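Here is a short briefing to read alongside the model. Have the viewer open and follow the topics in order.

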Amino acid sequence: MKWSLQVARLAGIPIRVHASFLLLLAWVAYAHYRRDPDLRGVGLAVLFLCLVFAVVVLHELSHALTARAYGIRTREITLWPIGGISHLERMPEQPAQEFWIAVAGPLLNVALALLLGALVVATRGAEGLVVADFEHDLLASLVWVNAALAVFNLLPAFPMDGGRILRALLSMALGRVAATQVAAGVGRAMAILFALIGLAVNPFLLLIALFVWLGGSAEVSHAELRAALSGHPVAHAMTRALATLPADAPLGQAARLLVHRGQRIVPLLGPAGLEGVLCERDLLRGLARGGLEAPAKQFARRRLPAVSPRTPLLEAFELLGRRRAPCLLVEEEGRLLGVLTREGIGHFVSVLSALRGEPPPLELGNQDALGGGHEGFGPSPASAEGAGPDRRAPPVTRL
Ligand SMILES: [Zn+2]
């Protein structure tokens, strides 16, 4: 994640803070100082915000560790001013697993609220829970912060936690695609509500409304895409007729293939077989550094993930996202038959949609975002980054 700084590593998961979060800290300190130039108060206000975000980290970790129990890795947890995001490698297809991953975050907040609440009542009695000033009564404040986080995250604003719980439950009866469409519809209604309240009360809600609206649309295209790909083998979407170049060819020859034939991936063959694969990005980098005469092999990739033409297309699509590879090699008995690219998958899905009389789906972009993650908003929303092939809204699973 650009513009973010790793501040810790918990349970093997990097915890990163986005630069805009530091701006929020600075803004809180400044706003507090303008109101009351007492430095101790300013320090307490900043400390309170940091504690809130520590709770958000715990919320995200609880999603991430539940996902880990189902064999799903979390690439990182990032803190943004509007919450935390756990970047899960993918969302599980099984509704029960999605349910437990989504519910784990709010459940942790409920548990923390009860635990801290009991501590306050035990030491100060029930009236200890009444908070007059958030910054000067940190423990009791955290009880309410956790309660608010639990309630907010459980709102059915897909792809926030509550929306994911709704989708998981609906999936059991309706199937994944229909459940996602219904959950996203409910989510859009919630987004409109957030936006209206945001205009009147808190501009942060406008950002959350935008996230819910775009995130829901990306999730719908992702679910539709997965449904379209399932049941097909890689052979149906792979690119076969690729021109190859000798391993000692200069970059200029690869550039000609790109310009005249639109070929964005060039295998380099030597006496022993495949010696490297030059992708468009490598070619452009090579041209900028070494010009047309530079050896293509110097900028080629030696290793790319390989699949068989019989590999399920959906599995290969997930591999592309997980490995962040520009393409997959399609091989049989050590022989290169072709490549599988996002572009090729996009064309295949467009043809399928046209045959069904549906409008063409959004093109699969070249971003590395494909693959799915699970992100969660903390202080406000939490959702999961679902890997969606959508140029407009990079798919993100947030919880
Ligand atoms: Zn969450």
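**Metal site and charged pairs**

His59 and His63 sit four residues apart, about one turn of the helix, and both lie in helix H2 (residues 39-69); helices here are DSSP runs of H or I with at least four residues, numbered from the N terminus. This is a predicted model, in which local features need pLDDT of at least 70 and side-chain atom pairs count only at pLDDT 80 or more, while totals for chains, interfaces and linings use all residues. Residues are numbered from 1 along each chain as its sequence is written, and side-chain values use heavy atoms, with hydrogens and water left out.

**Zinc site**

- The zinc ion is coordinated by His59 (NE2), His63 (NE2), Asp161 (OD) and Asp161 (OD), at 2.0 to 2.7 Å; donors are N, O and S atoms within 2.8 Å of the metal (3.2 Å for Na, K and Ca), and sites may look incomplete because water is not among the atoms.
- Along the chain, the donors of the zinc ion follow the spacing H-x3-H-x97-D.
- The arrangement is irregular because the four donor atoms subtend angles of 53 to 151°; four donors count as tetrahedral if all angles lie between 85 and 135 degrees, four count as square planar and six as octahedral if opposite donors are over 155 degrees apart and all others between 65 and 115, and anything else is irregular.
- Both His59 and His63 are buried, a label for under 20% relative accessible area, with exposed meaning over 50% and partly exposed in between (1.4 Å probe, protein chains only).

**Salt bridges between helices**

- The structure holds 16 salt bridges, each a side-chain nitrogen of Lys or Arg within 4 Å of a carboxyl oxygen of Asp or Glu.
- Glu98 forms a salt bridge with Arg176, with the closest N and O atoms 3.7 Å apart.
- That pair links distant parts of the chain, 78 residues apart: Glu98 in helix H3 (residues 95-124) and Arg176 in helix H6 (residues 176-200).
- Glu98 is buried at a relative accessible area of 0%, and Arg176 is buried at 18%.
- Arg167 and Glu219 also meet through their side chains in a salt bridge (3.6 Å, N to O).
- Arg167 lies in helix H5 (residues 161-174) and Glu219 in helix H7 (residues 204-229), so this pair ties together parts that are 52 residues apart in sequence.

- The side chains of Arg285 and Asp282 meet in a salt bridge (4.0 Å, N to O).
- Both residues, Arg285 and Asp282, lie in helix H9 (residues 280-290), three residues apart, about one turn of the helix.
- Arg285 is partly exposed, at 36% relative accessible area, whereas Asp282 is buried at 3%.

Key
Helix = DSSP H or I, 4+ residues; strand = E, 2+ residues; numbered from the N terminus.
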